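Student: I would like to go through this model and ask what each term rests on.

Tutor: Go ahead; here it is.

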Amino acid sequence: MTRGERSQLSDSQREQLARVMPSIDRRLRYHPCSVRLSNGKTYSRVLLSEYSTWYEEWGIDPEDDPDKRSIDVKRVEDIWESPHRLPAHIATKIYTQPESGMGYYRFKLTLDDGRSVDCLTGNVVDFLKWPHDLSPRKVVDVAVYGGPSRSNPDLRVARYVWCLYSD
């Protein structure tokens with residue numbers, strides 16, 4: 001496979017992916033998943049997305065960007081929703097707002113117990129480094145902020161892996 005080529009989803013992968021509610025970023029649909037590869041290795045923070053639309057927005061293959069990691073969709077055996085993802089409606093609400101600054105989002109999550117948590121991410125907001133006492137299931141709302149990034153947010157983006165497919 002050369003740069004820019006991606007495999008299509010198998011029927012099984014397509015069925016599994018359909019069970020994962022995407023977050024919507026303009027024309028992009030991100031599916032925050034966990035996956036199991038054919039070699040048995042499991043990744044719990046994977047963003048599956050259709051390649052051609054993704055490339056139009058990002059402009060570079062993940063393999064050519066030293067800050068991105070990716071896996072080949074042909075290696076994926078099982079797909080399910082990641083327990084680490086922000087709820088789809090919360091991530092989509094963030095994506096509908098302008099970036100806080102060039103290449104980042106600042107936002108405050110409201111939790112079901114009334115607490116709030118300040119967050120700072122890059123262009124992707126779906127996966128945060130959750131401490132043991134918090135989880136994305138507790139998030140009930142979000143407010144996006146503009147302006148300079150805060151130097152000490154409560155949560156930052158967690159490492160994740162791209163998995164792009166052809167449709």
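This is a predicted model: local features need pLDDT of at least 70, side-chain atom pairs count only at pLDDT 80 or more; totals for chains, interfaces and linings use all residues.

Student: How many disulfides does the count come to by the rule?

Tutor: Zero disulfides. A disulfide is a pair of cysteine sulfur atoms within 2.5 Å. Residues are numbered from 1 along each chain as its sequence is written, and side-chain values use heavy atoms, with hydrogens and water left out.

Student: Why is cysteine 33 called buried?

Tutor: Buried means under 20% relative accessible area, exposed over 50%, and partly exposed in between (1.4 Å probe, protein chains only). Cysteine 33 has 0%, and cysteine 119 has 2%, so both are buried.

Student: What makes a set of residues a nonpolar core?

Tutor: Its members are buried Ala, Val, Leu, Ile, Met, Phe, Trp, Tyr and Cys residues joined through side-chain atoms within 4.5 Å. The largest here has 29 residues, and Leu86, Phe107 and Leu109 have the most contacts inside it. Apart from it lies another core, of 16 residues, Cys33 among them.

Student: What makes H3 mostly covered?

Tutor: Six of its eight residues are buried, including Ala88, Ile90 and Tyr95.

Notes: Helices (H or I, at least four residues) and strands (E, at least two) are DSSP runs, numbered from the N terminus.
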